[in-house]
Amino acid sequence: MDQFPKEFDREVWNMNKIEREEEEEEDDEEEEEDVQDDWDDWNADEEEGEEGFDSSFLCLFCTSKYNDCATLFNHCNSVHNFDFHGIRKGLGLDFYGSFKIINYIRSQVAENRCWSCGFLCQSSQDLQNHLHKTLNLNEIKALWNDDKYLKPFSEDDPLLYSFAEAEEDDDISPITNNHQRNTDTNGGNCNTDEINRASLPFHLNRSNENEMADCSSTSHGYLNTPSNLEVVIENTVKATETLELNDKTQEDDRLKITRRNFYSKDIKNVNESYFGSYSSFGIHREMLSDKVRMDAYMQAILQNPSLFHNAAVMDVGCGTGILSLFAAKAGASRVIAVEASEKMAAVATQIAKDNGLLRNRKQTGDCGMSSGTVEVVNGMVEELDKNIEIQPHSVDVLLSEWMGYCLLYESMLSSVLFARDRWLKPGGAILPDTATILVAGFGVGGTSLPFWEDVYGFNMSCVGKELVEDAAKGPIVDTVEANDLVTSAAILHTFDLATMHADEVDFTASTELEPNLHNPSSKSENGETETSWCHGVVLWFETGFTSRFCKESPAVLSTSPYTPKTHWSQTILTFREPIAITSSKSATNKSAAVGSFASPAVKVHLRLSIVRAPEHRSIDISLETTGIASDGRKHHWPVQLFTLR
């Protein structure tokens with residue numbers, strides 16, 4: 001009897017145990033199902049959130065959008081000369097530094113301003129054409145090293161929070177890094193004050209530091225205290241708003257100084273090289289031997305005695321002093337010959353002395369008489385009053401031969417305009433007083449192709465084709481024969497040197513070229529007009545000594561292909577592919593592209609910009625070409641960029 005109850009109890013206990021185990025298994029299964037349901041719900045929410053988030057990344061410089069940062073930055077590097085990863089690595093930019101440069105660039109692009117050199121363009125397209133590689137990143141780093149660029153320039157800019165994903169070493173957030181560094185340093189306990197300053201996007205001003213101290217009294221710091229974190233964020237936002245308000249009223253002086261120092265250093269180096277190059281007598285012999293040049297200036301000066309009689313004359317960039325000598329011979333009472341090259345200033349002084357025309361400063365006083373007329377001053381015209389005593393607006397005639405290749409190369413016009421505004425009397429004369437850039441299309445004769453097609457009976461045209469391809473990458477200073485022009489000439493832009501402003505040196509202009517009906521090369525043997533191929537455009541200039549000032553004998557200096565050659569030659573811009581043109585109005589093949597042989601263009605529309613390049617004294621040229629067929633159809637070719645340096 002005793003044994004049975006014990007066995008029965010044991011069986012009951014075993015059964016209860018089995019039931020408990022089965023219940024526990026059921027509970028575990030239910031918990032797993034609940035966890036799985038929660039996980040599925042979380043994943044669904046995450047996927048839904050991802051679908052609602054705009055993952056397209058807008059280019060920093062244009063309207064292109066990309067699905068990932070890597071593709072976007074590759075585009076910026078190849079198209080806009082902006083190597084984001086190279087800049088980050090080269091300058092050692094951390095998360096915040098990278099954050100700042102993105103906002104800085106977006107702010108500059110919004111103003112059509114170059115992010116690296118600060119040049120202000122007329123349009124977004126002009127800016128994209130202007131963008132260039134940066135010469136020295138360290139010189140301009142301070143431009144975006146301002147806490148105002150921690151505020152996103154564009155609302156909801158996904159690039160600001162995703163750029164680090166493209167680099168494997170940027171997969172840890174900066175706050176985590178700062179928190180980890182403080183934990184390691186302090187043996188597990190964060191120094192709250194250090195975190196507040198190191199991990200915040202910027203240092204708060206003194207009025208906020210006291211509030212920060214109040215909220216950081218806990219031993220664990222604000223990272224683990226939501227209420228303290230809210231206070232910190234609130235203070236940060238207030239400080240950001242304060243900085244933003246200050247930035248709207250006054251630009252940071254540090255940025256101005258940095259930009260000025262960068263430009264000054266670059267300009268100084270280029271100026272030294274530029275003025276040093278004019279120390280070569282070979283250059284001066286070439287210019288003095290240029291009959292077109294010399295005849296125009298001789299006529300304007302020597303054949304207009306009423307303009308120069310007893311006049312005070314300034315010659316900007318006198319070189320050997322030849323124009324100053326002409327002015328003295330024409331009857332000027334005083335000629336100030338300004339020359340930045342130390343060697344050429346000494347040479348000009350000696351030449352004036354040898355010809356009995358040197359003005360001796362020591363013998364010239366308030367009551368003294370001058371022993372001559374020409375006074376040579378070594379220095380830049382912008383610093384003239386540091387070298388001699390001269391009253392503002394005291395010059396009657398401002399004289400200069402300032403023109404470079406394509407008229408504006410060397411950027412000397414800015415110095416002439418400075419001298420005009422500073423030293424020329426109201427109503428005084430400036431010679432020359434007009435300058436015009438003209439353009440025309442040239443045919444195969446303006447290229448090297450004909451030479452290589454027959455070299456002592458052998459076809460070497462493969463060389464010519466490669467040379468033409470290379471020519472499309474940069475401007476060529478050379479001469480083009482008039483009979484190689486296949487379009488009429490057109491005026492591109494005209495400057496009035498007496499009235500223009502210095503910021504009008506850079507320009508964008510449009511014009512249309514029509515096939516040249518008088519060109520024999522565009523006609524067949526029976527006199528009918530045929531299709532010609534336009535391989536590019538040629539630029540030249542003319543300067544005028546007009547009757548506005550040269551009343552007795554106006555003069556023109558032309559570098560046209562239709563006139564005798566000059567040392568300026570012309571500037572050739574070669575198309576990437578030639579354009580078929582014709583003056584015939586007959587029906588064309590509408591299925592063929594405009595500008596092809598089957599559908600030649602009856603007009604070629606040009607939009608051309610010439611601006612001063614970031615490299616001092618160089619110029620950037622952008623060329624947009626459109627062919628127009630007789631039926632009105634158009635074909636646009638990609639913009640071409642050239643730098644004349």
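## Helix H13

In this predicted model, the buried residues of helix H13 are Arg293, Met294, Ala296, Tyr297, Ala300 and Ile301. They lie on the same side of H13, because the arc they cover around the axis is only 165°. An α-helix has 3.6 residues a turn, so residues three or four places apart point the same way.

H13 itself spans residues 291-302, twelve residues in all. From its first C-alpha to its last H13 reaches 16 Å, close to the 16 Å expected at 1.5 Å a residue. The N-terminal end of H13 is capped by aspartate 290, which has a side-chain oxygen 3.3 Å from the backbone nitrogen of valine 292.

## The parallel sheet

Five strands form an open sheet with parallel pairing, in the order E5-E4-E3-E6-E7. Strand E5 (374-378) and strand E7 (424-431) are the edge strands, each pairing on one side only. From one strand to the next, the twist averages 20°.

Helix H15 (residues 322-329) packs on this sheet and touches strand E3 (312-316), E4, E5 and strand E6 (395-400). The direction of H15 makes about 175° with that of E4.

How many of the residues of E3 are buried? Five of the five are, so E3 is largely enclosed by the rest of the structure. Ala312, Met314 and Val316 point one way from the strand, whereas Val313 and Asp315 point the other way. In a regular strand the side chains alternate between the two faces of the sheet. In E3, the residues pointing in either direction are buried.

E3 and E4 run parallel and are joined by five bridges. Within E4, alanine 337 stands opposite aspartate 315. Strand E4 (residues 334-339) is likewise joined to E5 by five bridges, and these two strands also run parallel. Asparagine 378 in E5 is the bridge partner of glutamate 339.

## Strand E14 and its partners

Strand E14 (residues 570-581) is mostly covered, with nine of its twelve residues buried. Its pairing with strand E9 (residues 476-478) is antiparallel and consists of three bridges. E12 and E14 also pair in the antiparallel sense, over seven bridges.

Isoleucine 572 of E14 takes part in both pairings: it is the bridge partner of isoleucine 476, and valine 538 stands opposite it.

## Serine 162

A polar atom of the serine 162 side chain lies 2.9 Å from the backbone oxygen of proline 158. Leaving aside residues up to four places away in sequence, serine 162 touches Phe57 and Cys69.

How values were computed: Residues numbered from 1 in each chain as written. Predicted model: local features only at pLDDT ≥ 70, side-chain atom pairs only at ≥ 80, totals over all residues. Heavy atoms only, no water. Pairing = 2+ DSSP bridges. Helix = DSSP H or I, 4+ residues; strand = E, 2+ residues; numbered from the N terminus. Axes fitted to C-alpha atoms, helices over the stretch in contact; angles between N-to-C directions. Contact = heavy atoms within 4.5 Å. Polar contact = N/O pair within 3.5 Å; in protein donor to acceptor, adjacent residues only side chain to side chain. Expected span 1.5 Å × (residues − 1). Buried < 20%, exposed > 50% of the residue type's maximum accessible area, 1.4 Å probe, protein only. Arc of directions from axis to C-beta.
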